[in-house]
Amino acid sequence: MKKVLFSLFVAFLALQATAQDAHVEANVAKKVPSVKLVDMKGKAVNTAELTANGPVIISFWATWCAPCKKELNTVHELYADWVEETGVTLVAVAIDDEKTKSQVPVYVNGKAWDYVVLMDPNWDFKRAMGVNNVPHTFLVDKEGNIVYSHNNYAPGDEEKLYQELLKLSGK
Amino acid sequence: MKHLLSLIGFTCALQLVQAQGNITGNMETTFQYLNEDSIINAKQPVQKGLLNSYMNVFYTQGNFKAGMRLESYLPRIQGYPNRFDGTGIGMRYVGYQNNFVDVTLGSFYEQFGSGLALRTYEDRNLGYDNLLDGVRIVLRPGKGLVVKGVYGNQRLSFQKGQMIHGAGLVRGVDGEFHLNEGLSFMKDKALDVVLGASFVSKFQEDDNPDWILPQNVGVYGGRVKLAYKNFYADAEFMQKEQDPSSDNKYIYNYGHAAVFNLRYTQKCLGILISGKSVDNMSFRSDRTKDLQDVLINYLPSLNKTHTYNLVATLYPYATQPMGEVAYQADILYTFKKGSKLGGKYGTTVGLNFSTTYQPKHTLNGIDLNDSSRVVYHCRPFDLSDSLYWQDINFNVTKKLNKKWSGILSFYDIKINNDVVKVSEAKGIIHARIAVLEGTYKINTHHALRWELQGMWVQKNAAGLNDKGNWATALVEYTISPGWFFSFMNQYNYGNADVSKRVNYPIITCGYIKDATRLTVSYGRQRAGLFCVGGVCRPVPANNGLMINLTHSF
C-alpha cells in the first residue's frame, strides 16, 4: 500500500512539474483583480474588463499629489502619439476621498485630459492592486496581465514606460 | 503513511493555487532610529530603534477570494496611535463574488454614498483603521442597481498582535440606482440620474448610571446625483437620532450632515461650488471614545489638500464634528497653446476659496432646566458670524521651454485656533504663504527640481503672531527611473523667541526598481504631509534616521 501510494506521489510530482512548465507564464504574471468602480458620471466599470480594447496603462493619482499630476500632464502631451502607435488606453484612477473627490473632474477637464478616469474613494482598487503610495503606474497587456509597474515619478520615467509599451506591442 | 497522505494533500492544494490563483499584495517596513532633540521637543524612545511593518496578501481564484494583512509593531514608530503593539493578523476575510452577489466574511472596508453615514477605511501612514469585522453582502439584482448590507464590530486597536473590537455593533443597508443603466427609457437621455439611500444603526449597551441612554441609534438619509451635458450636481442629507456621547457631553439633540456640489466643466475649464453643514454628527460605535476611535461615519473638511510643506504642515484644518457650515469654490482654467497667455505649451491657472463658520444655535422655546437635555435648535446651513477657517489661494503652472517649467502659488489662510488648536496661540491666526517651484530638465533622465517657500504670519491686535515667519528651501535631483536625492531645510527665522529660531534640515536618498522603493532620510522633520522624490505620505515630527521599504506584488 505504502509503495503504491509512494509511486503515486512520485507520478503526481512529475505530473505537477510538467503542469508547472505549462503554467510558468501564467504564474509569473499578475492579473488585474476585479473591483467594481464608477467613472466620473457614476457609470459602473469592472476593473477586470479594462483591457477589452487592447493594452492599458493604469495610473493611480490624486488631486493632492504633485508628482502624479506632473506624470499625467507629461504623458498628456505624448498620449495622442502613444494611442496611434500602440492602441493603448490610459486609465487614471483617482484615489481622492470625499474631501477632494469633487475636485477631480475640475482638474481633469481643466487640464483637458483624454484619459478614462475612475473614482476609487475608499481605496478598494488601490488595495487590491497592492499600491502603497501614489503615483503608481501599471502597464497591462490585453489579456489583463500586469507586465510592468513603477512606484514613483521623476522626469524621464515616461520614456521607460513608453519603451515597455513598445516592447508589449511588438514594435 | 499519514505524513505521506498529508504531503499529497498539500501538494494538491499547492498545485491548485499555483495553477489558477491570482495573488496580489504589498508590504511596507519603516525603521526609525531617533535622537533626543529638546529644541523641537523630539524624544528618544527607550528602545532607540522603532519598526513598523505590514504585508497584505490578496488571493482570488475564479469567484473565490481571500485576503489578510499581517502587522508588526516592534515597537510602533513615532506619531502612530499608542494602541499598536506586537505582531499578528490585523485583517482577514474570505468571500465569494460574481456579477450578482458579493459576500465577504471577516474584515472589510465599505463606504455608503459620500460617507456621512458610514465609511470604514484604513490609512496605514496615519495608523487609522476602523474596519468592520463581520458580514457584508453586496447584491446587483439589475443593471445600475446596487444593494449593500453590512453587519459587524469595528476595529478599535491592535494589541499584543491581536485585533481589538469596539464595544458596539454596527448594522447598515444602502441602495443606489443609476437610472440611465437600469431603465430602458432613460438609456439615451442627456440627463443622467443616480439615486441612493442609507440606513445605519449602532447598538451599544446602556451601562451609564446617570442617564437613560438609547441603546440603538440610527442614521438615515438619501442622496441624488444629476448630470446634464456640462453641468453636474449632487447632494446628500443624513439625520442622526438622539446619540448622547462624551463627544456631545451627553445631550439628546438630533444631529445632521448635509453636502452638495455644483459643477460646470468643459475642455480646459472646471468650476466647482460646494457646501456642507454639520451639527452634532460624531457617530461612533462606542459612545465613550474620542479622537479617531471607532468612528462609523466620515466628515472631511471642505477645503483643498495642500502639499507644499509649510502650507500643509503648520496650519491644517480638520472638521469640527460638533458643528460647522462650510463653502468652497474651485476653478481651474488652461489658456490654450498658441494663445497670448498660453504661449507655446499652454498655461494653467487655479483659484480656490474655502470658508467655514460655526453654526447658529437658537433657544426658541427650549427650557435648559427641563429633563429633555435638548439644548439648542440648529437649522442646516444656518451660520453664525464666528469664523473657523478661511483659505484663498491661487497658482499658475507654466512650461517655459523644453528644459524649464514652474509653478507659482499664493495662499492666504485664517484659522481659528481657539477651536482647531494647532498651536499655543489664541484667536485667529492669519498666515500668507508664497511658493515658487521650478524644474530644470538636464537631459532625458536627469532633472533638478527646487522649491522656495515663505510664510508670513500676520500680527494680531496684541502684537502676537504664533511662531512667526518661516522659510523653506528644497533641492531635488532625480535620475530616471532609479534614483533621487533631495535636501530640504525649513527655518523658523521670525520666531519672537530667538532661542526657537530653529532650522529643520533633512536629506533623503531613494532607489526605485519597478514596484520596489527604498528611501533613507536623516534629519529633522516637522509633522505633516511629506512629499519627496515623487511620493507623498504624512509623517510625525522627529529627529533621526528613517529607512522605508515598500514593495508591491
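1. Two residues are in contact if their C-beta atoms, placed from the backbone, lie within 7 Å. On that basis Leu464(B) touches Ala425(B) and Lys459(B), once residues up to four places away in sequence are set aside. Ala425(B) is 39 residues from Leu464(B) along the chain, and the C-alpha atoms of the two are separated by 8.3 Å. Leu464(B) itself belongs to the loop between β22 (446-457) and β23 (470-479) of chain B. Leu464(B) counts as partly exposed because it has 15 C-beta neighbours inside 10 Å, and a residue must have 20 or more to be buried and 12 or fewer to be exposed.

2. For the complex, the predictor gives an ipTM of 0.92 and a pTM of 0.91. Chain B has a mean pLDDT of 91, with 94% of its residues at 70 or more.

3. Where in chain B do the elements with the lowest and the highest mean pLDDT lie? The lowest value, 46, belongs to strand β27 (residues 528-532) of chain B, and the highest, 98, to strand β5 (residues 101-108) of chain B. Over residues 529-537 of chain B, pLDDT stays under 50, and for this stretch the model has 35 contacts beyond four places in sequence. Where pLDDT is low, the predicted coordinates should not be read in detail.

4. Is Tyr54(B) buried or exposed? Tyr54(B) is buried, since 20 other C-beta atoms lie within 10 Å, and 20 is the count from which a residue is called buried. Leaving aside neighbours within four places in sequence, the contacts of Tyr54(B) are Met27(B), Glu28(B), Arg69(B), Leu70(B), Glu71(B), Ser72(B) and Arg124(B).

5. Chain A has five helices and eight strands. Read from the N terminus, the order of its elements is α-β-β-β-β-α-β-α-β-α-β-β-α. Chain A has 171 residues, of which 50% are buried. Among its contacts between residues at least 6 apart in sequence, 69% join residues at least 24 apart.

6. Helix α2 (residues 66-86) of chain A packs with helix α5 (residues 157-168) of chain A at an angle of about 20 degrees, the axes being 11 Å apart. The two helices are therefore roughly parallel, as angles under 35 degrees are so classed. The crossing of α2(A) past α5(A) is right-handed. On α2(A) the contact involves Glu71(A), Thr74(A), Val75(A), Leu78(A), Trp82(A) and Thr86(A), and on α5(A) it involves Asp157(A), Glu158(A), Tyr162(A), Leu165(A) and Leu166(A). By class, this contact has six nonpolar, two polar and three charged residues.

7. The final point concerns the contact between the chains. In the model, 71 residues of chain B are in contact with 58 residues of chain A. Helix α1 (residues 2-20) of chain B supplies the largest share of the side of chain B that touches chain A, namely seven residues. That side of chain B has 27 nonpolar, 32 polar and twelve charged residues.

Conventions: Residues are numbered from 1 along each chain as its sequence is written. Chains are lettered from A and ligands numbered from 1 in the order in which they are written. This is a predicted model: local features need pLDDT of at least 70, side-chain atom pairs count only at pLDDT 80 or more; totals for chains, interfaces and linings use all residues. Axes are lines fitted to C-alpha atoms, for helices over the stretch in contact, and angles run from 0 to 180 degrees between N-to-C directions. Helices (H or I, at least four residues) and strands (E, at least two) are DSSP runs, numbered from the N terminus. Angles under 35 degrees count as roughly parallel, over 145 as roughly antiparallel, 65 to 115 as roughly perpendicular and the rest as oblique. A crossing is left-handed if the near helix is turned anticlockwise from the far one by less than a right angle, and right-handed if clockwise. Ala, Val, Leu, Ile, Met, Phe, Trp, Tyr, Cys and Pro count as nonpolar, Asp, Glu, Lys and Arg as charged, and the others, Gly among them, as polar. pLDDT is the predictor's confidence in each residue, from 0 to 100.
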